[in-house]
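Please look through the sequence and the model shown below.

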Amino acid sequence: MLPARLRVTACLVLAAFISSQSYWMSYSWAAAPNVQGWALQQDNPHTGMWHVYLSSAGMAAVNKKMGCTLVTKAPTWNVVMYNDKTKVYFLSPLSEWKGASIKASASGTKGKNQAYKTMLVEKKPKKLKEGTILGHKASQYLTDNLASTGLKKVEFWVTPDVQAPPELKQVFSKIYGVGLSSMAGLPLKVSYIDKNGKRTPVFTTIKIDAQLIPLSSFTYPASYKRVDSEIAVLMDEKG
């Protein structure tokens, strides 16, 4: 056993080390408010261009045409949609969020107040072939989904280069109507195929870059007025 004087000295050295590490960690977080992630531009024929920023810390999807921004972040992963023009926001726990307004808009459903059923994955997606999209390795999958207008096939291309936490996969699964929990990556291209074989693009990634993303991108203005639906966020000042 160490003499009392040496034990005291060892404790002081350990305390100093822990203190210095704690200071370094807090300083590093404060000095580096960015996180490594991906920036994507995804086009939809109905909603227009989505600018998507995602990382292990969260996601932000901005659509100027619809006038809204969708954000979610760790650790709660609550989904928030807000409008900078009308200064309102809608908040929902991820487990309860259905993404109805985005799905309806992305599919060209007329009438924003129309009910839109949650898409249900009928069977495990079938992997078809390998390919590349914008220089990234991607796999093509096909599955049957129950959409609001009946049974449709969904084709999607998934790249393993863009990884995301399970919570973000849930967000994309609800938007695209495909089960992504077992997929090694995220989709870069999604299309619906009707019973006649007609293919309708849902989202097509036209640009993807790895970059540092400000953590503040995943937050929302808490001073905005909270509303009770996504539809209210998409309304203009006249309602």
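## Terms and numbering

Helices (H or I, at least four residues) and strands (E, at least two) are DSSP runs, numbered from the N terminus. The model is predicted, so local features need pLDDT of at least 70 and side-chain atom pairs count only at pLDDT 80 or more, while totals for chains, interfaces and linings use all residues. Residues are numbered from 1 along each chain as its sequence is written, and side-chain values use heavy atoms, with hydrogens and water left out.

## Backbone features in loops

L134 sits in the loop between β8 (126-133) and β9 (136-147). L134 is not a glycine, yet its phi is positive, at about 55 degrees. With 43% relative accessibility, L134 is partly exposed; this label covers the range between buried (under 20% relative accessible area) and exposed (over 50%), for a 1.4 Å probe and protein chains only.

K87 also has a positive phi, of about 60 degrees, and is not a glycine. K87 belongs to the loop between β5 and β6. The relative accessible area of K87 is 47%, so K87 is partly exposed. Another backbone feature is the cis peptide bond from A74 to P75, with omega near 5 degrees. P75 is placed in the loop between β4 (68-73) and β5.

## Aromatic pairs

The structure has three aromatic pairs. Rings of Phe, Tyr and Trp (its six-membered ring) pair if their centres lie within 6.5 Å; planes under 30 degrees apart count as stacked, over 60 as edge-to-face and the rest as tilted. One of the pairs is Y82 with Y224, which counts as edge-to-face because the planes stand at 70 degrees, with the ring centres 6.2 Å apart. This pair links distant parts of the chain: Y82 is in strand β5 (residues 79-83), Y224 is in the loop between β12 (199-214) and β13 (225-226), and the two are 142 residues apart. Y82 has a relative accessible area of 11% and is therefore buried. Y224 is buried too, at 13% relative accessibility.

Y89 and Y220 form a tilted aromatic pair, with 4.8 Å from centre to centre and 40 degrees between the planes. Y89 lies in strand β6 (residues 88-92) and Y220 in the loop between β12 and β13, so this pair ties together parts that are 131 residues apart in sequence. Are Y89 and Y220 buried or partly exposed? Y89 counts as buried because its relative accessibility is 10%. Y220, at 28% relative accessibility, counts as partly exposed.

## Salt bridges

How many salt bridges does a search of the whole structure find? The search finds two. A salt bridge is a side-chain nitrogen of Lys or Arg within 4 Å of a carboxyl oxygen of Asp or Glu. In one of them, the side chains of E130 and K127 meet at 2.6 Å, N to O. E130 is partly exposed, with 41% relative accessible area, and K127 is partly exposed at 45% relative accessibility.

E155 forms a salt bridge with R199, and their closest N and O atoms are 3.2 Å apart. The partners come from distant parts of the chain: E155 is in strand β10 (residues 150-159) and R199 in strand β12, 44 residues apart. E155 counts as buried because its relative accessibility is 8%. R199 has a relative accessible area of 46% and is therefore partly exposed.

## A buried lysine

K169 is part of helix α3 (residues 166-176). K169 is buried but has no salt bridge, and the nearest side chain of opposite charge, E167, is 10 Å away. For charge, Lys and Arg count as positive and Asp and Glu as negative; His and the chain ends are not counted. Leaving out residues up to four places away in sequence, K169 touches A164, L180, S181, M183, A184, G185 and L186. Contact here means heavy atoms within 4.5 Å.

## M59 and its contacts

M59 lies in strand β3 (residues 58-63). At 1% relative accessibility, M59 is buried. Not counting residues up to four places away in sequence, the residues that M59 touches include V52, L70, L168, F172 and F218. M59 and K73 are 14 residues apart along the chain, and their C-alpha atoms are separated by 6.3 Å.
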